[in-house]
Amino acid sequence: MGQSPSKLFAISYKKNDKNGVKGNTKNTKTEFRDDKKNDQIEFDKEPPSLTFSVLDAHRFIEGRRFRIAKNATYTFPSDSKEATRFNESIKLMKRLFDSNYSAPVEKLLINGAKVLEIGTSGGFWLTDMSKQYSISTFLGLDATTIFNPECLPENCAFLEYNYFDEIPFPENIFDFVFQQSISSSKFRGNLFDSHLNEICRVVKPGGWIEIFGTTTEIVNAGPATKTFVDSMLKCFHFNGLNPNIVRTFPKKLKALKVTNIKVVEIPFYLSPNHPVSKNKGQELLLATAESLRVMIKLTVGYSDEEYDILIKNIIAETETLNMYTICIRTFGKKSLDIT
């Protein structure tokens, strides 16, 4: 059974929350205790709250559950079906990159590191990493829970928290922070810049940051697939999202004095006949199209019948065209000289 965050990371929230909402309100004090060093840090920062009551935290649209959170935009649902899709995508990325991560942190993990995963979603990365590196300590952070945290291994925990405002930990805590799946479906405007500042704040000097993202472009796309991509981009633009954000990561990290920045790009083929992705690329594309069905319909105005025809034509194109997208991991090291 996985431990709760309060047991594993000794996080306690003192709050005046009459509604019992997960998250923090004013007059909040957070304690972080490193059990290995047996010391305790208190800080009086005022973390953001999930400003919605439990009844208002989610909205159901056409049978899919969507998260509502301050400063957050969710074009993808937040439900068990989405958890399955997300976990399958992370498994595919592990196979594609031949590892759950690309930063040079193997030695840190083997010797015992503190690791934060942001955007835990279905929980595969968190669980798989904690099993592989049993001496390290892992924490998953996401604004909604769509998996069962009680099934986590003993050396990891999960915290539901709206990280779009800030990360609820003191500075210089984690050896490695892995940010999951930042493409164009989460951060409006310059909120991602603030989020990167928060990541750098909680990483120790000399610690590593890694961000995963996928381009929205599909190379060699047929007419139906291009129509789907255009519809997806309209959906993102409508919600104030930047579809090209994945290409900005190196410059943004450099501006924060992150060093040793490297970018690993690998094509992910969508054809069921490709020797690497086989039918998994096609399956992921179709699952993604289904996850975006509700929001694309609302934005573009498709009927279900029209969307079904679009998906049918996409299937035909994946079987005849050599289509692919680019998966990108960008990583760097927090400077030892942060002033």
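Visitor: Which residues touch the most other members of the largest nonpolar core?
Guide: Leu 109, Phe 176, Phe 228 and Tyr 307 do, within a core of 56 residues. A nonpolar core here is a set of buried Ala, Val, Leu, Ile, Met, Phe, Trp, Tyr and Cys residues joined through side-chain atoms within 4.5 Å. Buried means under 20% relative accessible area, exposed over 50%, and partly exposed in between, with a 1.4 Å probe and protein chains only. The model is predicted: local features need pLDDT of at least 70 and side-chain atom pairs 80 or more, while totals for chains, interfaces and linings use all residues. Residues are numbered from 1 along each chain as its sequence is written, and side-chain values use heavy atoms, without hydrogens and water.

Visitor: What is Tyr 307 in contact with?
Guide: Beyond its neighbours within four places in sequence, Tyr 307 contacts Phe 228, Ala 289, Leu 292, Arg 293, Ile 296 and Tyr 302; contact means heavy atoms within 4.5 Å. Another core, of 34 residues, lies apart from the largest one and includes Phe 174 and Ile 211.

Visitor: Now the sheet. What is the order of its seven strands?
Guide: The order is β8-β7-β6-β9-β10-β12-β11, in an open sheet with mixed pairing. Strands (E, at least two residues) and helices (H or I, at least four) are DSSP runs, numbered from the N terminus, and two strands pair if DSSP finds at least two bridges between them.

Visitor: Which strands stand at the edges?
Guide: β8 (156–160) and β11 (258–269) do; each has a single partner strand, so one side of each is left without a neighbour in the sheet.

Visitor: In which sense do β10 and β12 pair?
Guide: They pair in the antiparallel sense, over seven bridges. Ile 209 stands opposite Gly 332 in β12.

Visitor: And the helices: at what angle do α2 and α4 pack?
Guide: Helix α2 (residues 80–97) and helix α4 (residues 124–132) pack at about 50°, with axes 9 Å apart. They are therefore oblique to each other. Asn 87, Ile 90, Lys 91 and Lys 94 of α2 meet Phe 124, Trp 125 and Asp 128 of α4.

Visitor: Is Asp 98 buried or exposed?
Guide: Asp 98 counts as exposed, at 69% relative accessibility. Its place is in the loop between α2 and α3 (106–111), and its phi is positive, about 65°, although Asp 98 is not a glycine. Most residues other than glycine have a negative phi.

Terms used: Axes are lines fitted to C-alpha atoms, for helices over the stretch in contact, and angles run from 0 to 180 degrees between N-to-C directions. Angles under 35 degrees count as roughly parallel, over 145 as roughly antiparallel, 65 to 115 as roughly perpendicular and the rest as oblique.
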